[in-house]
Amino acid sequence: MQHDILIRHGQVIDGTGAKRFQADLAVDGDRITAIGNLASHRGRTEIDATGCIVAPGFIDAHAHDDIALLAEPDMPSKVSQGCTTVVVGNCGFSAAPLTPRASYPLDFLLGDESYYRFPRLADYFAALEQTPAAVNSAALVGHSVLRVECMKELDRPASESEIAAMAQRLKEALADGGLGFSTGLEYPSNKAADTREVAALARLAGEAGAVFTTHARNYDHHFREALTEAIEIGRMAEVPVVLSHHQGDGPENIGHTAWSLPMIDEARLSQKVGLDVYPYNAAATIIDPAFVISASRILISSSQPHPEMAGRELDDIAAEWGVDRDTAALRLIPGGAIYFCQDEADVQRILAYPPTMIGSDGLPGGEINHPRLWGSFPRVLGHYSRELGLFDLETAIHKMTGLTANRFGIIDRGKLAAGAFADVTVFDPATVIDRATFTAPSEPSLGIRFVLVNGALVWRDGHATGARPGRPLPRRASVPSQSLSAPQPLSIANF
Ligand code: ZN
């Protein structure tokens with residue numbers, strides 16, 4: 001029997017968390033057609049995976065690639081890591097739905113505003129179909145963009161009529177295939193939204209069978225209240241919650257996992273709560289004196305008034321200038337910085353926590369560079385699984401494939417099975433590792449051998465192939481009958 005692609009002699013880890021097994025894998029068109037002993041079969045393209053793991057393509061549960069998918073469609077930061085699908089629109093910022101206009105108060109996270117031209121989510125998906133990217137994309141609808149569309153001033157809670165206007169936009173976007181509703185309650189465009197406003201909108205996501213992902217109101221001094229509010233909104237609004245980049249910042253939150261993970265455990269007894277995390281103990285965002293206090297080290301990644309300071313430590317700059325940290329930070333804004341503000345033991349506990357999905361939270365295209373954009377997935381596989389033994393590879397892969405697909409309702413992906421889409425990553429478990437660092441954040445990882453998206457090779461031994469077989473993945477209200485997923489509505493237990 002002849003196939004389009006035959007991957008031979010690999011160890012298959014199927015994404016469900018099940019143990020690996022030796023098997024060949026056949027691909028025809030955009031689907032996996034057989035897994036097993038296929039010694040008598042032939043492939044027009046044959047890949048020798050001896051010594052390698054054959055896994056489902058990784059799903060980045062927390063991406064900000066909304067614009068990058070169109071601006072840099074080869075998506076080297078993601079395919080080089082074995083990622084085949086990105087979940088965009090996180091933290092309240094999404095490329096759609098946004099009516100084109102002169103300026104937005106939000107573009108610092110996503111990039112060039114010439115790309116903000118999608119009044120409906122369906123328009124954004126149509127653009128991705130017309131000029132495909134190398135990876136698939138699923139899209140959340142951001143609260144900040146709804147606020148920008150429907151409110152004149154963003155520094156107050158929305159009125160009832162403004163909530164109704166946002167609700168209309170959100171319903172339309174969910175009907176267009178939005179995966180859920182996201183907030184960024186720490187950001188200026190979103191922080192004035194009160195619990196009532198957020199819950200009224202989050203409820204619509206629940207009604208549509210979608211999810212509520214939330215960058216909470218605070219991650220340092222008021223972290224506990226913010227986490228409580230996020231879980232409470234999910235309960236009030238009857239919507240599954242995904243806690244974005246779960247982390248507690250600053251000295252007062254060292255060891256927070258001793259209470260925050262039990263809080264999530266308790267909530268999970270009666271409602272759907274999940275979370276994502278990036279595998280680093282440093283955050284990256286704008287330079288802001290408010291964030292300076294909570295970090296042990298601060299690395300300046302960019303500064304408009306002092307571009308020569310990029311790549312240097314804030315404390316060294318302050319010493320050179322003979323001023324304190326705050327004063328130095330004020331002189332450097334606007335700009336970007338890396339904040340070493342999290343406890344490594346907490347990061348490891350969150351990574352190992354069974355409901356945790358892996359997301360990069362990588363910010364492409366901007367001046368804020370953090371190695372998580374290029375390194376997150378191989379770092380989990382190579383550093384946290386192989387070097388530190390935090391969990392086995394089966395668990396690591398489940399956290400970046402099957403768990404994520406289940407939680408977001410992404411159909412026929414995130415697992416290797418006959419009938420599933422042929423999103424496949426082949427990597428060497430002995431060598432896979434991130435190479436991106438805080439001073440060289442765009443270094444591709446090692447050990448990712450072959451990556452297939454919808455049955456087409458996008459990465460081969462260290463190089464992008466230039467193929468762009470990615471598709472937008474609108475959420476489906478119902479599952480097609482031929483689907484092997486036929487997913488049950490998620491139970492609390494498997495969310
Ligand atoms: Zn965020």
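This is a predicted model: local features need pLDDT of at least 70, side-chain atom pairs count only at pLDDT 80 or more; totals for chains, interfaces and linings use all residues.
The chain is divided into three parts: domain 1 comprises residues 2-56 + 414-464, domain 2 comprises 58-280 + 341-408, and domain 3 comprises 282-340. Between domain 2 and domain 3, the C-alpha centres are separated by 26 Å. To the contact of these two domains, domain 2 contributes 17 residues and domain 3 contributes 15 residues. The area buried between domain 2 and domain 3 amounts to about 1,200 Å², of which 58% falls on carbon and sulfur atoms. The interface of domain 2 and domain 3 contains zero salt bridges by the rule applied, while three residue pairs are in polar contact between these domains, counted with both residues at pLDDT 80 or more.

The metal site was examined next. The zinc ion is coordinated by three residues, namely Cys91 through SG, His215 through ND1 and His245 through NE2, at 2.0 to 2.1 Å. Along the chain, the donors of the zinc ion are spaced according to the pattern C-x123-H-x29-H. His215 belongs to strand S10 (residues 211-215), whereas His245 is placed in the loop between strand S11 (241-243) and helix H8 (257-268); the pair therefore ties together parts that are 30 residues apart in sequence. Both His215 and His245 are buried.

Over the whole structure, the search returns 29 salt bridges. One of them joins Arg147 and Glu197, whose closest N and O atoms are 2.9 Å apart. Because Arg147 lies in helix H4 (residues 143-150) and Glu197 in helix H6 (residues 195-207), this pair ties together parts that are 50 residues apart in sequence. With a relative accessibility of 0%, Arg147 is classed as buried, and Glu197 is likewise buried, its relative accessible area being 0%.

Helix H4 is mostly covered, with eight of its eight residues buried. The buried residues of H4 are His143, Ser144, Val145, Leu146, Arg147, Val148, Glu149 and Cys150. These buried residues of H4 pack against strand S8 (136-142), helix H5, strand S9 (180-184) and helix H6.

A second salt bridge is formed by Asp361 and Arg372, with the closest N and O atoms 3.5 Å apart. Asp361 is located in the loop between strand S16 (356-358) and helix H13 (372-387), and Arg372 is located in helix H13, so the pair ties together parts that are eleven residues apart in sequence. Asp361 has a relative accessible area of 7% and is therefore buried. The relative accessible area of Arg372 is 2%, which also places Arg372 in the buried class.

Arg449 and Asp461 form a further salt bridge, in which the closest N and O atoms are 2.6 Å apart. Arg449 lies in strand S18 (residues 448-453), and Asp461 lies in the loop between strand S19 (456-460) and strand S20 (463-464); the pair thus ties together parts that are twelve residues apart in sequence. Arg449, with a relative accessible area of 25%, is partly exposed. Asp461, at 42% relative accessibility, also counts as partly exposed. Elsewhere, Asp60, Asp65 and Lys78 are linked in a network of salt bridges.

Ser301 is part of strand S14 (residues 297-303) and has a relative accessibility of 16%; because the limit for a buried residue is under 20%, Ser301 counts as buried. The side chain of Ser301 reaches the backbone nitrogen of Ala337 at 3.3 Å. Ala175, by contrast, counts as exposed, at 66% relative accessibility. Ala175 is found in helix H5, which spans residues 160-175. Helix H5 is also among the elements against which the buried residues of H4 pack. The C-alpha atoms of Ala175 and Leu121 are separated by 9.1 Å, the two residues being 54 residues apart along the chain.

Definitions and conventions: Residues are numbered from 1 along each chain as its sequence is written. Side-chain values use heavy atoms; hydrogens and water are left out. Donors are N, O and S atoms within 2.8 Å of the metal (3.2 Å for Na, K and Ca); water is not among the atoms, so sites may look incomplete. Helices (H or I, at least four residues) and strands (E, at least two) are DSSP runs, numbered from the N terminus. Buried means under 20% relative accessible area, exposed over 50%, partly exposed in between (1.4 Å probe, protein chains only). Domain bounds come from an automatic or database domain assignment. Contact means heavy atoms within 4.5 Å. Buried area is the accessible area (1.4 Å probe) that two parts lose on being put together, summed over both. A salt bridge is a side-chain nitrogen of Lys or Arg within 4 Å of a carboxyl oxygen of Asp or Glu. A polar contact is a pair of N or O atoms within 3.5 Å; within protein, one must be able to donate a hydrogen and the other to accept it, and residues adjacent in sequence count only if both atoms are side-chain atoms.
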